[in-house]
Amino acid sequence: RKYVPRTPSGLVPIFVGGDRLSEGCSRNMQWSFGEGETAEDRLEGLIFYFLDWHAIRNLHEIHQKIFLREASARDHGTFYANLNKIKSSNAKKGPHAAYNAYKEAVHKDPCALFIAASLDYFGMDNPEGKLQYYTFKPHN
């Protein structure tokens, strides 16, 4: 009981993610305590959801096979070359050896490309700079 986060008004809800088996077992446990007298007795502070971590990791493995090529390290704009620019060089180990770093890099790379393209289009040196072009014009 001392490990459950609380506020003066009661328990703080906690999200609990897991695979299908963990989620199912957790929900059944919560349902079996459903007749409790208090919210704590009924385990109402636990919010269970399905988190298919393995499928996401396998998706990143497919991404790695397509986009993470060491031979493209010198090619401007490739995922491998961008890993240094977005300060995610640890992701070069791949999703199985460095899952969190790879997942973050997959998210950061398109964001960085979009920002770089926008800066170029508007003639800006950095995001805090002034717009050089105030109207939309066709880009050559």
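Author: A helix here is a DSSP run of H or I with at least four residues, and helices are numbered from the N terminus. The model discussed is predicted.

Reader: Which residue forms a salt bridge with Arg20?

Author: Side chains of opposite charge can pair when their charged atoms come close. For Arg20, the closest N and O atoms of the pair are 3.7 Å apart, and the cut-off for a salt bridge is within 4 Å. Both partners lie in helix 1, 3 residues apart, which is about one turn of the helix. The partner of Arg20 is Glu23.

Reader: Is Glu23 buried or exposed?

Author: Buried means under 20% relative accessible area, and exposed means over 50%. Arg20 has 55%, so Arg20 is exposed. Glu23 has 13%, so Glu23 is buried.

Reader: What is the distance between the closest N and O atoms of Glu44 and Arg42?

Author: These two residues form a salt bridge. Glu44 is partly exposed because its relative accessible area is 44%, and Arg42 is also partly exposed, at 22%. The closest N and O atoms of Glu44 and Arg42 are apart by 2.5 Å.

Reader: Why are Glu104 and Lys108 separated by about one helical turn?

Author: The side chains of Glu104 and Lys108 meet in a salt bridge, at 3.5 Å from N to O. Glu104 is partly exposed at 43% relative accessibility, and Lys108 is partly exposed at 25%. The separation is about one helical turn because the two residues lie in helix 4, apart by 4 residues.

Reader: What span is expected for helix 4 at 1.5 Å a residue?

Author: Helix 4 covers residues 99–121, which makes 23 residues. From its first C-alpha to its last, helix 4 reaches 34 Å. That is close to the expected span of 33 Å.

Reader: Which helices do the buried residues of helix 4 pack against?

Author: The buried residues of helix 4 include Tyr99, Tyr102 and Leu119. Asp109 is also one of the buried residues. Together, the buried residues of helix 4 pack against helix 2 (53–67) and helix 3 (79–85).

Reader: Which side chain makes a polar contact with the side chain of Asp19?

Author: Asp19 lies in the loop between strand 3 (14–18) and helix 1 (20–32), and Asp19 counts as partly exposed because its relative accessibility is 37%. Leaving out residues up to four places away in sequence, Asp19 touches Phe50 and Leu51. The polar contact of Asp19, at 2.8 Å, is with the side chain of Ser22.

Reader: How far apart in space are Asp19 and Phe48, C-alpha to C-alpha?

Author: Along the sequence, Asp19 and Phe48 are 29 residues apart. In space, their C-alpha atoms are apart by 10 Å.

Reader: What is the accessible area of the nonpolar patch on the surface?

Author: The patch is formed by Phe15, Ile47, Tyr49, Leu51, Trp53 and Ile56. Strand 4 (46–50) and helix 2 each supply at least two of its residues. Tyr49 is in strand 4 and counts as partly exposed because its relative accessibility is 35%. Together, the residues of the patch have an accessible area of about 540 Å².

Conventions: Residues are numbered from 1 along each chain as its sequence is written. This is a predicted model: local features need pLDDT of at least 70, side-chain atom pairs count only at pLDDT 80 or more; totals for chains, interfaces and linings use all residues. Side-chain values use heavy atoms; hydrogens and water are left out. The expected span of a helix is 1.5 Å times one less than its number of residues. Buried means under 20% relative accessible area, exposed over 50%, partly exposed in between (1.4 Å probe, protein chains only). Contact means heavy atoms within 4.5 Å. A polar contact is a pair of N or O atoms within 3.5 Å; within protein, one must be able to donate a hydrogen and the other to accept it, and residues adjacent in sequence count only if both atoms are side-chain atoms. Patches are made of residues with over 30% relative accessible area and no salt bridge: like charges are joined within 9 Å, nonpolar side chains (Val, Leu, Ile, Met, Phe, Trp, Tyr) within 5 Å. Accessible areas come from the Shrake-Rupley method with a 1.4 Å probe; for residues, only the protein chains shown count as cover.
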